[in-house]
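Please examine the sequence and the structure shown below. The report that follows is intended to be read beside them.

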Amino acid sequence: MVNLLVEKRRRKLSVKLMSVLIAVVTVCVILVPVIAYFSGGWFAYWGHALLAIFFSVVVVLIRTRYCWEED
Amino acid sequence: MAPPIPEATPELTVGVIMAIALFLAVSILLGFLMRKKAKGFEEWLVGHGDLGPLVTGFALVASYLSGWAIFGNAGLGYVYGWSGSWLIGTTCVMGMALCLVIGYRMRRYVALGARTVPEMLRVRFESRLVQALAGLAMIILLIVYSVGQYKAMATVWTITTGTPFYGSLVATAILILVYLAVGGYTGTQWVSGFQGVLLTVVGWALGIATLVWAGGPTKIAESIGTQLFIKPGGAQTEIPLGDYTLPLPPLEGLAFPGVDYIGVTAAIFMFLFMATGFPHNIARFLGARKITKREYWMMLLILIVGGLTPLWIGVVGFSARAVWGGALMVEEYKPMYGDSAAVYASISAGGVPLASLFAASVFAAAVASLAGMVMIMATNITRDLIHNAFPKASPKKLLALTKVMLVPFIAIPLWWTFTSPPPILSEFMAGSAVAQAGIFFFVVGVSMYWKRATKWGATAATVYGLIITFFHPNAYGKLVGLYHWGYWALVLMFGSALVYVLTSLLTKPLPENKLNILFPERNR
């Protein structure tokens, strides 16, 4: 019974964390035009690349940690 | 004082021919070694399903980096300044990462008998109609995409050998035939993996070399900030290049994605969806083996390093603009215009060695992509249309027909480029990219995860996407008042998504027992 409750809590926490990570990747996409508008030049150019790298790390984290599937 | 725009020399011509010959030799060797291993046509298409993260990762990089990314991006940076960044794809790593997390499931369909992307759709929806339609859509969109590859390679050949542009186009077609005839495409994944490494190394090296050659980032930014947009042909405007949007005058100017933030938004979504939407990209997972979490991260690292290559090619364009101003936009450089910036900059910044390596890289990206696409289109005809309609057709005859079909699929885009070469090739190719992103991201990518998707949803989205494609602002969009690239692209991508979801929800999915095979319970 205790194990079940612990498992349930762990799952809830996982879903919450995953939701936070999905929100983070969404913010990454939104920030792309915002950075271009407010900064420009090389800062925006490589800033976009950094945002894209951060985005990709987070989506792979979601995949490997929360949505991993074996054959 | 700015260095003069270089001209072809005998040393350069020899260097380029040697570099291309060396690339061909390595590709043929790899193709030959892998061909020995493949026992039949099916095994040739997907290998043994035993390719690890290194080869799969670099093959994915190579299939993504076509003539657009490795060559055309310099043209974008050169012609449009910072606003060209939206088509350079500063965020393309996002899309590649999405392809990585979505595409891995393709392996499941290989186990169920699929060998190509349209076949995967037949398995997913148990529908020959969806397979045939996807094959047809791929043919139409890949022909457009092939035009850009022709222009890329022909431009390099023209500048480095002094051959007239139209002669270079014929030379490119001959090179493709040679490449296909000697089996350069046979080793698919291995050859692609090798190309991925080559493109990444040369792209980074060229970007860094031209950055130094042009006097460093600050000087480049200052120079671009003072320059004005020049139309292909040499007409000067009063529109400054120093901003991330380029307010080109309506109505013609609205066809440029960076014209305003509507276009910018559409370009961002195009890059998010297109790596997964490119059938030749996601197909790379068909030959992959089971990979561990650690290997998954390794693949991501490869995609990040490879995915930054297009940005370095963009830097080449900015550097060339800073050094030579708008000199390449005049009539003398027709029909290459700003697309020639990368080649001239590679000669000026790196001399014969770097220019030769760059030419081999463009050859790798353009000709190998073209050869790959020609093969895919020919296979679409034989496997997805003819074999689909006549399942008892002889495999030998189908294989022979595939070889015959290579000729028209080499000739059609050649004729197109011959009669109306696009002024800025990446801008032209983006039209096809939007359609591939809008159709296949959902029909292929999402369908692998969404159980409720139906064959009618996939069919409706494909038909819708194809119809809207023809209303591109530079095609038939003007007839219905669709002049704005951003609105067109958003209507295509999100319209496809909406049609796909709504039609799927209104129609019946596969029975539960069949879906259970495609979507087994997940093991953690």
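This is a predicted model: local features need pLDDT of at least 70, side-chain atom pairs count only at pLDDT 80 or more; totals for chains, interfaces and linings use all residues.

Residues are numbered from 1 along each chain as its sequence is written, chains are lettered from A and ligands numbered from 1 in the order in which they are written, and side-chain values use heavy atoms, with hydrogens and water left out.

## Chain A

Chain A contains 2 helices and 0 strands; helices (H or I, at least four residues) and strands (E, at least two) are DSSP runs, numbered from the N terminus. The C-alpha trace of chain A spans about 60 × 30 × 10 Å along its principal axes. Its radius of gyration is 17 Å, whereas a compact globule of 71 residues would have a value near 11 Å. That radius is taken over C-alpha atoms, and the globule rule is 2.2 Å times the number of residues to the power 0.38. Of the 71 residues of chain A, 41% count as buried. A residue is called buried under 20% relative accessible area, exposed over 50%, and partly exposed in between (1.4 Å probe, protein chains only).

## The interface of chain A and chain B

Chain A brings 31 residues to the contact, and chain B brings 45 residues; contact means heavy atoms within 4.5 Å. The area buried between the two chains is about 3,300 Å², and carbon and sulfur atoms give 72% of this area. Buried area is the accessible area (1.4 Å probe) that two parts lose on being put together, summed over both. W42(A), Y45(A) and W68(A) supply 24% of the area that chain A buries against chain B, more than any other three residues.

The interface also holds 11 residue pairs in polar contact, with both residues at pLDDT 80 or more. A polar contact is a pair of N or O atoms within 3.5 Å; within protein, one must be able to donate a hydrogen and the other to accept it, and residues adjacent in sequence count only if both atoms are side-chain atoms.

Which elements give two or more residues to the side of chain A that touches chain B? They are α1 (2-38) and α2 (41-66) of chain A. Of these, α2(A) gives the most, with 19 residues. By class, this side of chain A has 22 nonpolar, 5 polar and 4 charged residues. Here Ala, Val, Leu, Ile, Met, Phe, Trp, Tyr, Cys and Pro count as nonpolar, Asp, Glu, Lys and Arg as charged, and the others, Gly among them, as polar.

## Salt bridges

Side chains of opposite charge can pair when their charged atoms come close. A salt bridge is a side-chain nitrogen of Lys or Arg within 4 Å of a carboxyl oxygen of Asp or Glu. Over all chains, the whole structure has 11 salt bridges, and 2 salt bridges are found across the interface of chain A and chain B. The table lists several examples.

| Residue pair | N to O distance |
|---|---|
| E69(A) and R105(B) | 2.5 Å |
| E295(B) and R289(B) | 3.0 Å |
| R63(A) and E69(A) | 3.5 Å |
| R11(A) and E7(A) | 3.7 Å |

R63(A), E69(A), R105(B) and R108(B) are linked in a network of salt bridges.

R11(A) and E7(A) both lie in helix α1 of chain A, 4 residues apart, about one turn of the helix. R11(A) is exposed, with a relative accessible area of 57%, whereas E7(A) is partly exposed at 33%. In the pair from chain B, E295(B) counts as buried at 16% relative accessibility, and R289(B) is partly exposed at 28%.

## Two residues of chain B

F363(B) belongs to helix α17 (residues 341-389) of chain B. Is F363(B) buried or exposed? It counts as buried, because its relative accessibility is 0%. Apart from neighbours within four places in sequence, F363(B) is in contact with I20(B), F23(B), L24(B), M153(B), L175(B) and A368(B).

T13(B) lies in helix α1 (residues 10-37) of chain B. With a relative accessible area of 18%, T13(B) is buried. Leaving aside neighbours within four places in sequence, T13(B) is in contact with T160(B) and T161(B).
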